[in-house]
Each structure stands twice: as C-alpha cells, then as structure tokens.
Amino acid sequence: MISNRFKMQAEVWCHPEAGGWHFLTLPQKESEIIRKAFSAIKQGWGSLPVTATIGQTLWETSIFPDSKSGSYVLPLKAEVRKKEKFGLGDTITFSIEIRV
C-alpha cells in the first residue's frame, strides 16, 4: 500500500500572474506517485486535499497539478511564510499528507 505522507524539499517561487502567490513545486518522483495513487480523489482543477507541514506550522490546503512542470504545486500562505521565516528563493523542507 502506498503511503499518503511525503517529506520533500523545494525552492519557494512566486507566480507572476497569480497576484503574488508563493508556491513549492513537488519533486517529479513524488508527484508521479501521488498522481497514480490518488487520482480517484481529485477535486476541482485536479486538486488533491492535503495537510501541509512546514516547521511547526500545520495547515489544511490542496496541491494542484501544474501542466508546465508536470508536477503538483503547493500554495504557501503569507501567514505561513511569515511565521516560519522563509521567503522567495529559499529551499525548505516540508511534508504533506494526502487527506483520503
């Protein structure tokens, strides 16, 4: 059975057309595993519900498929970036748990 928990590292980037939203792009390997194992529960825009954790901060959100990269992206709230003290260009460790 495939685990629904993933721990990864990625660089924070800002989408130029999404009003300043910051994101993490999940690595290809994990994105492919997630796509194959959890496609049956995808929601609007192909999103998947997750609980994300960065440092001591845990929140419920969704990951979204990105056709450009072929991976999923995790949106980062300003509140989380401020609380955990990271920003654009920082490489951070994070985890997600797919909510099944």
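Predicted model: local features only at pLDDT ≥ 70, side-chain atom pairs only at ≥ 80, totals over all residues.

Biologist: What makes β5 mostly covered?

Modeller: A residue is called buried when its relative accessible area is under 20%. Six of the six residues of β5 are buried, and the strand is therefore described as mostly covered.

Biologist: How do you know that β2 and β5 pair?

Modeller: Pairing requires at least two bridges between two strands. Four bridges join β2 to β5, so these strands pair, and they run antiparallel. Within this arrangement, Phe23 stands opposite Pro75 in β5.

Biologist: Why are β4 and β5 also called paired?

Modeller: Three bridges join β4 to β5, and because at least two are needed, the term applies. These two strands run antiparallel, and Phe64 stands opposite Val73 in β5. They form a hairpin with four residues between them, and Gly70 in the turn has a positive phi of about 80°.

Biologist: Which residues touch the most other members of the largest nonpolar core?

Modeller: They are Ile34, Ile63, Leu74 and Ile96, in a core of 23 residues. Among the elements that each supply at least two residues of this core are α1, β4 and β5.

Biologist: What makes Phe23 a lining residue of the largest pocket?

Modeller: A lining residue has an atom within 4 Å of a point of the pocket. Phe23 is listed in the lining, as are Trp13, Pro65 and Val73, among others, and therefore meets that limit. The space in this pocket is about 170 Å³, and its lining divides into five nonpolar, three polar and two charged residues.

Definitions and conventions. Residues numbered from 1 in each chain as written. Heavy atoms only, no water. Core = buried A, V, L, I, M, F, W, Y, C linked by side-chain atoms within 4.5 Å. Buried < 20%, exposed > 50% of the residue type's maximum accessible area, 1.4 Å probe, protein only. 1 Å grid on protein atoms, 1.4 Å probe; cavity = no way out; pocket = protein on both sides within 12 Å on 5 of 7 lines; lining within 4 Å. Points joined across faces, edges and corners; volume = space filled by probe spheres on them. Nonpolar A, V, L, I, M, F, W, Y, C, P; charged D, E, K, R; others polar.
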